[in-house]
Amino acid sequence: MFMRKYAELFQKTPRSIRVATSFILLVMASTQPNQANAQSITPSHVFQVIENINAELAAMHEANSSQPSVDQNAPTLTPRAPRHVVQKAREVLLKVELLRTLNGLPEHPVPPFPVAEITPGHVKVLVDQALADLLDLRAKFNVTKPVSAVPLVMGKTPTDNYADLQKASESLDGLGIPKIVPNDVYRLALVMVDDLEKIRAARGKTDVIEAPTGATGKKPLDTYNQAFAVLEQLKSKIEADPSIKLAGGIVLPNRRTGAIIPAHVADLENNLLAELGSLKFAFGVTSPSLLPPEPQGKNPSDTYDILTKALALATSL
């Protein structure tokens, strides 16, 4: 129901706003792979599909005389869990759907983040859809090469999947996907706060924590550091309380160095939302995250205030 309403609202929104904000649709709800097949799906099966996605994207760039938008300063990945891979797969699928819209093809709904113990089967649902919807774009990019058929290679890990999905995401950016802007980063911070408040309620925490106001002169680096502080606080809380069950615990990503842009902050927030989605499931929270209305005119200082509230919420768990 929500996805149908979102799609209706999406079509009524000006395209310039639609394409910039759809990337951050992060509603949490249940989506399950076929149970008969879920147990047999491994990260290697997922990796095979992602490799086919990347082969198709490479063919599109070749036909389009374009290049992927490569992140030259990306930090080395720390081990990623299936929950992080699901979030990254949703990012890629959302970009595929945006690319379809930009090229006059119908957009298909993107399955929301699963309320479940995340498995490779959940990821494969998303990447299978991304590949199928990408193949429809071959004619739009005048791709004449045969459809890719990458063989299965065993021994792959969720971290391999995440890295290969990041490659696909950057390749899609090079095909015209709009950049993340401060409004998007602010909106993701609001979703984080909503998730944290739901987790607090499930733990019996009912005191109200207000968002501070008045931060000025903040840059994307400041919001990145504040989001990282939230992640560090969550890790500390989970490690100090054995009653909190999160598969593998929280493994912090390596910090970025160099210039920080809104897309880098959004990427870190997405990692946070993957952790919060699994924590919600651990505490029996089944209500979806609330995607707030599209904000206007927000800047890093506004986001910093919201992330400061998120930090206070995480500290109070």
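**Entry 1. Overall fold**

I began with contacts, meaning heavy atoms within 4.5 Å. Among contacts in the protein between residues at least 6 apart in sequence, 90% join residues at least 24 apart. I note that this is a predicted model, where local features need pLDDT of at least 70, side-chain atom pairs count only at pLDDT 80 or more, and totals for chains, interfaces and linings use all residues. Residues are numbered from 1 along each chain as its sequence is written, and side-chain values use heavy atoms, with hydrogens and water left out.

Next I looked up the secondary structure. I found eleven helices and zero strands. Helices (H or I, at least four residues) and strands (E, at least two) are DSSP runs, numbered from the N terminus. From the N terminus on, the order reads α-α-α-α-α-α-α-α-α-α-α.

Then I checked burial. I call a residue buried under 20% relative accessible area, exposed over 50%, and partly exposed in between (1.4 Å probe, protein chains only). The protein has 317 residues, and 50% of them count as buried. I read an accessible surface of about 13800 Å², with 56% of it belonging to carbon and sulfur atoms. Those areas come from the Shrake-Rupley method with a 1.4 Å probe; for residues, only the protein chains shown count as cover.

**Entry 2. Salt bridges**

Side chains of opposite charge can pair when their charged atoms come close. I searched the whole structure and got 19 salt bridges. The test is a side-chain nitrogen of Lys or Arg within 4 Å of a carboxyl oxygen of Asp or Glu.

I took K95 and D173 to start. Their side chains meet in a salt bridge at 2.7 Å, N to O. K95 lies in helix α5 (residues 82–102) and D173 in helix α7, so the pair ties together parts that are 78 residues apart in sequence. K95 is buried, at 7% relative accessible area. D173 counts as partly exposed, at 26%. I also see both residues in a network of salt bridges that links K88, E91, K95, D173 and D267.

I turned to D136 and R100. Their closest N and O atoms are 2.9 Å apart, in a salt bridge. D136 sits in the loop between α6 and α7, R100 in helix α5, and the two are 36 residues apart. Which side of this pair is buried? R100 is, because its relative accessibility is 2%. D136 counts as partly exposed, because its value is 40%.

My next pair was R203 and D241, a salt bridge of 3.1 Å, N to O. R203 is in the loop between α8 (182–202) and α9 (220–240), and D241 is in the loop between α9 and α10 (262–282), so the bridge ties together parts 38 residues apart in sequence. R203 is partly exposed, with a relative accessible area of 27%.

**Entry 3. Nonpolar cores**

In soluble globular proteins, nonpolar side chains tend to be buried together. I define a nonpolar core as a set of buried Ala, Val, Leu, Ile, Met, Phe, Trp, Tyr and Cys residues joined through side-chain atoms within 4.5 Å. The largest one has 36 residues, of which I53, L57, M60, V127, L134 and L172 touch the most other members. Helices α4 (43–64), α5, α6 and α7 each supply at least two residues of this core. I find that α5 gives the most, with nine residues.

Leaving out residues up to four places away in sequence, L172 touches L57, V92, K95, V96, L99, L134 and I177. Apart from this core lies another, of 35 residues, among them V185, Y224, L307 and A314.

**Entry 4. Largest pocket**

I looked for open space on a 1 Å grid over the protein atoms alone. A pocket is an open set of points where a 1.4 Å probe fits, with protein on both sides within 12 Å along at least five of seven lines; lining residues have an atom within 4 Å of a point. About 820 Å³ lies in the largest pocket, counted as the space filled by probe spheres set on the points, which are joined across faces, edges and corners. I list 38 lining residues, with D71, Q166, R256, A263 and H264 nearest the centre. Helices α2 (15–21), α5, α7 and α10 are the elements that give two or more residues to the lining. Which element supplies the largest share of the lining? It is α10, with seven residues.

**Entry 5. Two single residues**

I checked N271, which lies in helix α10. N271 counts as buried, at 7% relative accessibility. Beyond residues up to four places away in sequence, N271 touches R80, H84 and Y162.

A149 counts as exposed, because its relative accessibility is 70%. A149 and E56 are 93 residues apart in sequence and 9.8 Å apart in space, C-alpha to C-alpha.
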